Amino acid sequence: MVASVWRAVRGTGTDIVVLHGWGLNANIWTPIVASLAQVGTLHRFDLPGYGESPWPDDMPLNFDNLCELTLAALPERCHLIGWSLGGLVATELALRHPERFCSLTTVASSPFFPSQSGPAENDWPGIEPHVLNTFAKQLSKDFKRTVERFLALQSLGSPHAREDVKQIKEWLFAKPMASVAVLDAGLDMLASVDLRSRLPELKVPCLRMYGKLDALVPKTVAERVSEWLPESECYVAPKCSHAPFISDPEGFIAHLVPFLQRHMP
């Protein structure tokens, strides 16, 4: 399974791959590119269907295919870092192919994004399902504005949310926008993919990074996931929302780089 996946490569040494989230592209990592390129060889991908990576015409748009197409583009062995939807992909790949990864880092990500209410054992913090449903309905009407609204939601609570959103929009619109079909499929992945029961099977050293002010992945997700991954490391950025590497790149790098260095091959 081969797709034309756009990438930018910088640095030397052990391979480090970063995967972006829904609706965006590799530009989102701009604030930390120079720092990570000093640690190893940094690969920034546009995920299949996003930016300059076209989705194959003859392939159904689903999570399994997104993971397989992404895996086919990865170096033979690497540190894998995934943000939001990219973290869901990265976790799935680390579960399927632990031998391919030196470490896994998830950023503002969750093994299951929608919130659930019910008895304590079924209660789960996350995105209200009606929010995802609303975005899905609005995509076909005005998908650019819908994506912009989603970006605004990602920065809620950040002390400089307006600046964050402005910068993210510049990076987003510097590349081709994903199609409505790709965006709609991505929302379906966020609404349906559930990796919670499989987390204890994870065999790769893991760092989980969150934003304390995140409106999409509440900080209580961090506590719940720690129960399944007690050996993983966890960092909650105190003044950040859904994009801590943008809101506080220095603090983000200060916690990420030592973890990567501890797990260099």
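Start with Lys175: its charged end sits over the ring of Trp6, 3.2 Å from the ring centre. By that I mean NZ of Lys or CZ of Arg within 6 Å of the ring centre and within 35 degrees of the ring normal. Arg196 does this with Trp124, at 4.9 Å from the centre.

A word on the source. This is a predicted model, where local features need pLDDT of at least 70, side-chain atom pairs count only at pLDDT 80 or more, and totals for chains, interfaces and linings use all residues. Residues are numbered from 1 along each chain as its sequence is written, and side-chain values use heavy atoms, leaving out hydrogens and water.

Back to Lys175. Asp46 forms a salt bridge with Lys175, with the closest N and O atoms 3.0 Å apart. The cut-off is a side-chain nitrogen of Lys or Arg within 4 Å of a carboxyl oxygen of Asp or Glu. Asp46 sits in the loop between strand 3 and helix 2, Lys175 in the loop between helix 6 and helix 7, 129 residues apart. Helices here are DSSP runs (H or I, at least four residues), strands likewise (E, at least two), numbered from the N terminus. Both Asp46 and Lys175 are buried. Buried is under 20% relative accessible area, exposed is over 50%, partly exposed is in between (1.4 Å probe, protein chains only).

How many salt bridges does the whole structure hold? The search finds 9. One of them joins Arg96 and Asp64, at 2.7 Å between the closest N and O atoms. Arg96 is in helix 3 and Asp64 in helix 2, so the bridge ties parts 32 residues apart in sequence. Another pairs Glu92 with Arg198, 2.7 Å from N to O. Shared partners join Asp64, Glu68, Glu92, Arg96 and Arg198 into one network.

Now the aromatics. There are 6 aromatic pairs in the whole structure. Rings of Phe, Tyr and Trp (its six-membered ring) pair with centres within 6.5 Å; planes under 30 degrees apart are stacked, over 60 edge-to-face, the rest tilted. Trp83 and Phe245 have ring centres 5.3 Å apart and planes at 90 degrees, so they are edge-to-face. Trp83 is in strand 4 and Phe245 in helix 9, 162 residues apart. Both are buried. Phe245 also pairs edge-to-face with Phe252, at 5.7 Å and 65 degrees. Ring pairs link Trp29, Trp83, Phe245 and Phe252 into a cluster.
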